[in-house]
Amino acid sequence: MIPSKEEMFAALAERHGTDMQKKLSEASVAVCGLGGLGSNISIALARAGVGRLHIIDFDKVDISNLNRQQYFPDQLGIPKTEALEQTLSRIAPYCHITADTVKLTPDNIPSMLKDEKFICEAFDKADQKAMLVNTVLETYPDKYIVAGSGMAGTFSANLIHTRRVAGRFYLCGDEVNGVAEGEGLFASRVLVCAAHQAHMIIRLISGETEC
Amino acid sequence: MVKINGKEHEAAGKTIAQLVLDGGYKPERVAVELNLDIVPKAKYNDTVVKDGDSVEIVGFVGGG
């Protein structure tokens, strides 16, 4: 027997404050890419009680994802959108989840992301990260984008930071250490970056625009 | 002087495309802000910086 929507809200409001919880429950966030960053960002936001999550990824769960992404061995081969929706629904049964199994491109981003004020860039490849950030900032004058860059390797977790690049563009990560440079991705360090991104989104929802 | 990623450079008259290449970035992996506004990719070749401008070039690295 799961708690009612009202019971869940009350439990969250008791911890976060009622005004903050109302803001969270009325917020819509898009998470673009559901790998190590996106799966963990989505879970943090669902646990905080964000009302609407739009999760987007074209890929399927692979055995190579299990070192850092929030999927399970019994989910191998199914779309990440479907696998993550299962998990999010267990964590936050009253969160409104929209799942799109598509590859985001400059052509479809304007229609796909039109409904969310807050957007998380959580892709894997550097050129795709740049594409999403550029397209969102060029297309929408009023949306916020929080991107991740540089979380590979066993370098110090303390190198990972959040900074406001300008206006509506925030960047999390160490900005240096990518997988392209031969460094592997560890759950612990990827989660630090994912937590930075999710936390910046929560701060923006609260009305705080500084890092 | 033009401020590029927080440091002053003698770069007035250069285009954003030149600044990206001078900085050693791959153009397909960057986002560029000029005086806090995003520079559209299509305008890198004909956006010229002048003294007093502030440019922020973000070069993304892979992993997620």
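Tutor: Let's start with a charge over a ring, which is counted if NZ of Lys or CZ of Arg is within 6 Å of the ring centre and within 35 degrees of the ring normal. Lys143(A) does this, lying over the face of Tyr140(A) at 4.5 Å from the ring centre. Keep in mind that this is a predicted model, where local features need pLDDT of at least 70, side-chain atom pairs count only at pLDDT 80 or more, and totals for chains, interfaces and linings use all residues. Residues are numbered from 1 along each chain as its sequence is written, chains are lettered from A and ligands numbered from 1 in the order in which they are written, and side-chain values use heavy atoms, with hydrogens and water left out.

Now the ring pairs. Rings of Phe, Tyr and Trp (its six-membered ring) pair if their centres lie within 6.5 Å; planes under 30 degrees apart count as stacked, over 60 as edge-to-face and the rest as tilted. Searching the whole structure gives three aromatic pairs over all chains. One of them is Phe118(A) with Tyr144(A), stacked at 5.9 Å centre to centre with 25° between the planes. That pair links distant parts of the chain, since Phe118(A) is in strand E4 (residues 118–121) of chain A and Tyr144(A) in strand E5 (residues 144–148) of chain A, 26 residues apart. Strands here are DSSP runs of E, at least two residues, and are numbered from the N terminus.

Next, Tyr144(A) and Tyr170(A): their ring centres are 6.5 Å apart and the planes are at 40°, so this pair is tilted. Tyr170(A) belongs to strand E7 (residues 169–173) of chain A and Tyr144(A) to strand E5 of chain A, so the pair ties together parts 26 residues apart in sequence. Put together, ring pairs link Phe118(A), Tyr144(A) and Tyr170(A) into a cluster.

How buried is it in there? Buried means under 20% relative accessible area, exposed over 50%, and partly exposed in between (1.4 Å probe, protein chains only). Phe118(A) counts as buried because its relative accessibility is 6%; Tyr144(A), at 17%, counts as buried too, and so does Tyr170(A).

One more stop, at the cysteines. Cys172(A) is buried at 0% relative accessibility, and Cys193(A) is buried with a relative accessible area of 0%. Their sulfurs are 5.7 Å apart, too far for a bond. A disulfide takes a pair of cysteine sulfur atoms within 2.5 Å, and the whole structure has zero disulfides over all chains.

Methods: Helices (H or I, at least four residues) and strands (E, at least two) are DSSP runs, numbered from the N terminus.
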